[in-house]
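Here's a quick walk through the fold, strand by strand and then helix by helix. Have the structure open as you read.

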Amino acid sequence: MATKIRLQRGGHKGYAVYRIVIADARAPRDGKFTEKIGMYNPNTNPATVDLNFERALYWVETGAQPTDTVRNILSGEGVYLMKHLRGGVKKGAFDEATAQKKFDAWKADKQKGLEAFCAAEAKAKKEAAAKALEAEKKVNAAIAQKVAEKKAAAAAAQAEAAAEAAATEETPAEEA
């Protein structure tokens, strides 16, 4: 039986969430599967992957063929690196402890890169919000200036009208 590691769609319209499953190669995408080994949510930034690492490694070593997307997910999680390191242990290139140290170093480096990405994303978002606030302040200042000019013009017109009314009242008194 040819087994595949593939994605099985879930979620709702416009918000797809996928299960990572082991299935017969002949089974349909959302059909019968052998085992569920994880979840993949591409809607978050970065995409969220919840994977049973040991089962994924077992199935990859057993010979299950992943689809392209699943291969990228497994590679990103380090399943293929661990398979490679275990191959080195079997050949006698190094021992199990060294392989685990290499994997842990890779995982720590990957985590550091992810944290740097998240920090840069947060910083960019904060800078964009500050720029938007400054632009809004400029627009509000321009609007406030226009309103002040309108009020000053209205006050000047009212004062002029009052002065004109006073002048017209004095003129009939002088004629009489």
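This is a predicted model: local features need pLDDT of at least 70, side-chain atom pairs count only at pLDDT 80 or more; totals for chains, interfaces and linings use all residues.

R9 sits opposite Y18 in β2.

Zooming out, β1 (residues 3-12) and β2 run antiparallel and are joined by 10 bridges. The two strands make a hairpin with 2 residues between them. In that turn, G14 takes a positive phi of about 85°.

## β2 and its other neighbour

On to β3 (residues 35-41): this strand pairs with β2 over 5 bridges, again in the antiparallel sense. One spot to look for is I22, which stands opposite E35 in β3.

How many of the 10 residues of β2 are buried? For this strand (residues 15-24) the count is 7, so β2 is largely enclosed by the rest of the structure.

## The whole sheet

Put together, the strands give an open sheet of 5, in the order β4-β3-β2-β1-β5 and with mixed pairing. The edges belong to β4 (48-51) and β5 (65-66). Each of these has a single partner strand, so one side of each goes without a neighbour in the sheet.

As a reminder, strands of a sheet pair through backbone hydrogen bonds, and they can do so parallel or antiparallel.

## Helices on the sheet

Now for the helices. α1 lies across β1, β2, β3 and β4, and it runs at about 115° to β3. Helix α2 (residues 68-77) also packs on the sheet, where it touches β1, β2, β3, β4 and β5. The direction of α2 makes about 95° with that of β1.

## Where α1 meets α3

Which way do α1 and α3 cross, and at what angle? The axes of α1 (residues 53-62) and α3 (residues 79-91) come within 10 Å and cross at roughly 60°. The two helices are therefore oblique to each other, and their crossing is right-handed.

If you want to inspect the contact itself, the α1 side is made by F53, E54, A56, L57, V60 and E61. Facing them from α3 are V79, Y80, M82, K83 and R86. Sorted by class, the contact of α1 with α3 has 7 nonpolar and 4 charged residues, with no polar ones.

Methods
Residues are numbered from 1 along each chain as its sequence is written. Side-chain values use heavy atoms; hydrogens and water are left out. Buried means under 20% relative accessible area, exposed over 50%, partly exposed in between (1.4 Å probe, protein chains only). Helices (H or I, at least four residues) and strands (E, at least two) are DSSP runs, numbered from the N terminus. Two strands pair if DSSP finds at least two bridges between them. Axes are lines fitted to C-alpha atoms, for helices over the stretch in contact, and angles run from 0 to 180 degrees between N-to-C directions. Angles under 35 degrees count as roughly parallel, over 145 as roughly antiparallel, 65 to 115 as roughly perpendicular and the rest as oblique. A crossing is left-handed if the near helix is turned anticlockwise from the far one by less than a right angle, and right-handed if clockwise. Contact means heavy atoms within 4.5 Å. Ala, Val, Leu, Ile, Met, Phe, Trp, Tyr, Cys and Pro count as nonpolar, Asp, Glu, Lys and Arg as charged, and the others, Gly among them, as polar.
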